[in-house]
Amino acid sequence: MQRRTYDVAVVGAGIVGSATAYHLARAGQRVVLVERSGVAAEASDAGAGMLTPLAEAGASDLSDPLLRLGLAGLRHYQTLEAQLESETGMRAGLVHLPTLYPAFDEGQAEALRRDLPALQTLRPELVWLEADEVRQREPLLAPSVRGAILSPAEGNVAIGHLTRLLVRAAQLHGAELLIPRSALALLWDGVRVQGVLTEEEAIEAAHVVLATGAWSSAWSDRGQRSGIVYPLKGQLLALRPSDQPLRHTIYAGPLGYLVPKADGSVFVGATSERRGFDKTPTAAGLAQLLTVVRRVAPALEEAAVERTWAGLRPVSVDGLPFIGEAPSSPGLWLAVGHGRVGAITGPVTGFLIAELIQGRPVPYELDLRPFAPERLGAWRRRLTPLSAAGAGDRQLELFSQPPEAVAVEEERRERP
C-alpha cells in the first residue's frame, strides 16, 4: 500500500472542507483534500446559499454563539470574494441583493420594530421600511405586508459554485484533490492522530480535519446510531419568473424564504424533516413550498417551475457546530454540524481551522468555547496504528465499509 505525506489531510469537499483546504494551501501548507464522491456533492450544492446571519438573531440574546459566528462569516466573505476572484479570474457567485425581513400582520411588525434597535447595535445599516415603501421596493411581495427590516449587506451565494471555486483555488496553491476516495480509518501513533487510511493508500499528516457533513456521527465514539450529527432533510423549489425579477432575498421567518439567483431564478425554501438519509422530493414538501409562495409573494404563482430537489443539512443535537481540535485525540480537528447556516458559517469555519492549525489567534474575536469538539463526547473511533498501515504481514482491523456507508446502512436498519 502506498503512503503519502502531507501537513494536513482534510476529509470532505463540501463548503467547510473546501474552505479549510483553500486557506491552508494559501498559507503554504501541504494539503490533501479527500472526497468520497464529488466536490459539493451533498448539502453544499443543495442549499439556497443565504448569507443572512440575522435570520438567527433574537433581540433577547445578541450574544448567541451561532449569531456571532454568522456575523463573522459575513465579514469574512468581504475578503474571501475579492481573494478568490483575483486568484482564479472567476466570479465567486455572490448575489449582492439586500435582504428584507417582512411582517405580514401587525403583531409581526411590532415585534420587528421592537427588535430593530438591538439589532442595529450589530449592523448599524439596518433600517425599518413602512408598508408602502416595502411594496415600492419589492412589488412581488404580498399586499398584506405591514413593513420590513431592510438589511443592505446580507445577500446570498451560489454555494455549490463557491465550493468548487474554493477547490480550484486550493489546487492553484498546491493542494491535492483525491476523488473518489473514501477515508476508512484514522491513523495514530498511540499519542496523536497521524493521518487517514483510504482504500488505496495511507495518508500521513500531522493534522486531520473532519468536514464530513451529515455523515459525521460515524466518526464519533458514540457512532452513527446515536446521531450526534444527524441529517435534516430540506426540500427546495426553483421558479423562473416570466417578467419581473425578485429584487431582494426575502426571509419571512417561520413561513420560509425566497432567494433570487444571478440567473434570474428564485429558490423557495425549505422544509425541515427527519427522514434519515432520504433525499427524495415529495408532494407534501412541494405543497409546503407552494404555500410559502402563496403567502409571501403570490405574484410568483405564475412563474414556471424549473426543478425541485432536497438536501441533507448536517445538524448537531444541540444546534451548534463542532469546531476545533479534539482534546482526546491531538491532531484531529472537527469542522462539522453547521446545519442550515453552512453557507454563511462554512467558509469562516475553514479559515478558523486553518488559523488554529498554524498556531495563530482565533480571528474575528470569536469565542469558540460553545463549539468545543468534545462537549458531547469523544471523536476517537476507527483508529488504526500507523505502524500497521501498509504492512503486508500485519492484519489491519478495519471496517469493511467507509463510515458514510456504515451510516447509511445503520439508518436503513432503523427505519420501521
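This is a predicted model: local features need pLDDT of at least 70, side-chain atom pairs count only at pLDDT 80 or more; totals for chains, interfaces and linings use all residues.
Residues are numbered from 1 along each chain as its sequence is written, and side-chain values use heavy atoms, with hydrogens and water left out.

Let us begin with confidence. The protein chain averages a pLDDT (the predictor's confidence in each residue, from 0 to 100) of 90, and 89% of the residues score at least 70. Over residues 391-416, the pLDDT is below 50. Beyond near neighbours in sequence, that stretch has 40 contacts in the model, a contact being heavy atoms within 4.5 Å.

Now for the chain as a whole. Its secondary structure comes to eight helices and 20 strands; these are DSSP runs numbered from the N terminus, with helices (H or I) of at least four residues and strands (E) of at least two. Of the 416 residues, 56% are buried, where buried means under 20% relative accessible area, exposed over 50%, and partly exposed in between (1.4 Å probe, protein chains only). Among contacts with a separation of 6 or more, 74% come from residues 24 or more positions apart.

Next, look for the open sheet of eight strands, in the order S6-S7-S5-S14-S15-S16-S13-S17, with mixed pairing. Two strands pair if DSSP finds at least two bridges between them. Strand S6 (127-130) and strand S17 (304-316) stand at the edges with a single partner strand each, so one side of each has no neighbour in the sheet. On average, neighbouring strands are turned by 25° against each other, direction ignored.

At the S6 end, four bridges join S6 to the antiparallel strand S7 (residues 147-151), and leucine 129 stands opposite alanine 148 in S7. Helix H3 (residues 106-120) packs on the sheet here, touching strand S5 (99-103), S6 and S7, and its direction makes about 155° with that of S6. Such angles run from 0 to 180 degrees between N-to-C directions, with axes fitted to C-alpha atoms, for helices over the stretch in contact. Helix H6 (residues 283-296) also packs on the sheet, touching strand S13 (229-240), S14, S15, S16 and S17.

S15 forms a hairpin with S14, with five residues between them, and glycine 253 in the turn has a positive phi of about 60°. Isoleucine 250 has leucine 258 as its bridge partner in S15. S15 and S16 form a hairpin as well, again with five residues between them, and here glycine 264 in the turn has a positive phi of about 95°.

Finally, turn to the interior. A nonpolar core is a set of buried Ala, Val, Leu, Ile, Met, Phe, Trp, Tyr and Cys residues joined through side-chain atoms within 4.5 Å. The largest one has 50 residues, and Leu51, Tyr77, Leu84, Leu162, Leu166 and Val209 have the most contacts inside it. Helix H2 (65-88) and helix H5 (159-172) are among the elements that each supply at least two of its residues. A second, separate core of 26 residues includes Ala46, Met50, Leu126 and Tyr251.
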